[in-house]
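Open the model in your viewer and have the selection tool ready.

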Amino acid sequence: MKVVLRILMYVLVFIIIVGGVGAFGFTHTMNAGMSLYNQNTPALDHVKVPTYDGDKPTVAVLLANEVTEVFDFLVPYEMFALTGAYNVFSVAPDYKIKSLTGGLDVVPHYSFDDMDLMLGKSPDIIVIPFMPILDEEKYAPVREWIRKHSSDKTILLSICNGAENLADTGLLNGKMAATHWGDINRLIKNYPEIQWVKDQRYVSQGNIVSSAGLTSGIDATLHVISQQLGEAAAKKVASEINYPSYHYVTQPKMEPFTAGLSDITYILNQAYQWKKEKAGVLLYPGADELDLSAAFDTYAASGTTTTLTVSRENKPIVTKHGLNLVARYQMEEVPALSKMIIVGAQAESVAAEDIHQWEKTDNRANLLFLHKDAQGRFAMDPAFEDLSKQEDVLTAKFAAKRLEYRATDHLKLEGNPFSIEAFAVPIILGMLSLLIGFFIDRRLFHRRG
């Protein structure tokens, strides 16, 4: 009995120290990635709304009251806008600034009520990104609006874990659906009425289309464009964003990803990498939405980097296709950064004035032109490669896997094979727990007579 008690004591000390510290670190990192806009509200009189054309079908891309996944929102928005054939609007329960994962913030074009009033009918397409249901009262308007516009005349397109938001409405009951490989087993348990599909990039059933993890949403969006505008239009969009996996649009079958031992680097980065890189992301007029997503859904989502949005003035910044973004910092007040990320192949000319203003500040962060010399490459590729140099190869590989990105053979991943800090910290904590356990052992079980 004494031996059992001693073993249990060592195990308990190990769990408290190693597990407790890791749980705190993981929670802190995840909360930072989903932080909400809490700065002084900028002057919103500069908000611009794309012109509505009654002869075009309308796409509504949803934003939740709390937080919305950045890739799921930005990329379908840009892709539909690139066709020139749709009215594309960001829509939310109200006009307050909405936050995307990684710390990017958006001013919606329309509230739900105002879009209903303007259209006088349902949107032709509703894009449903992943919106974590953190507060039932705050989330409820999103659920109600999706249900309100769920007739056969409206295509409901869920991106990644947006399938959970769609499942939450009950509209997927009795149907097949796809979602992110990392969450599908949880959703199988929570929504047994749905036939969850693991081996397809997207599933199309009637007016509902659901995609698997993140970049699979590109395939699903191209499928919808192809069905409505023809395959030539879909191929044109794929070409414009340099998407390397168009074959999944016509043949969505895939070998499903599963959790593996190498994925532990993601958990360790989130839990034990305490010294986060602090990178700025410059928001400038005309920035490309997919390029921005490459910064926020690669660096920030890896658990290694805190991304801070920076702009020249405290007013909304209009992107290439009409989104209104708000930076959390202006150039004069941003804290010290390890680097300033500037996205876009033409950034040096398009953002010349903003870059010049930044260089006049006292912040000595290195400038990283993420997409310089990356003409013809998919926007995520340079981000994976730079993340590998900044952190390590395992972190970059999992970043691609998390995004369910398949075209990785051509990536040049250089750097340390794994994160020394993320692996060393739990080992050191484990050794510390053994020392503390030994001390307790001596005090409780080896008392001198």
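Exposed means over 50% relative accessible area, buried under 20%, partly exposed in between, with a 1.4 Å probe and protein chains only. Helices are DSSP runs of H or I with at least four residues, strands are runs of E with at least two, and both are numbered from the N terminus.

A word on the source: this is a predicted model, where local features need pLDDT of at least 70, side-chain atom pairs count only at pLDDT 80 or more, and totals for chains, interfaces and linings use all residues. Residues are numbered from 1 along each chain as its sequence is written, and side-chain values use heavy atoms, with hydrogens and water left out.

Now select all of H8, residues 231–240. Ala234, Val237 and Ala238 are its buried residues. Look down the axis: they fall within an arc of 100 degrees, so they line one face of H8. The arc is taken from the directions between helix axis and C-beta atoms.

Next, show helices H2 (70–83) and H7 (216–229), which are among the elements covering those buried residues. Contact here means heavy atoms within 4.5 Å.

Step past the end of H8 to Asn242, where phi is positive, near 55 degrees.

Go to the loop between strand S12 (208–211) and H7 and pick Leu214. Leu214 is not a glycine, yet its phi is positive, about 20 degrees. Leu214 is buried, at 2% relative accessible area.

Last stop: Glu404, in the loop between helix H15 (393–402) and helix H16 (420–445). Its phi is also positive, about 55 degrees, and Glu404 is not a glycine. Is Glu404 buried or exposed? Buried, with a relative accessible area of 1%.
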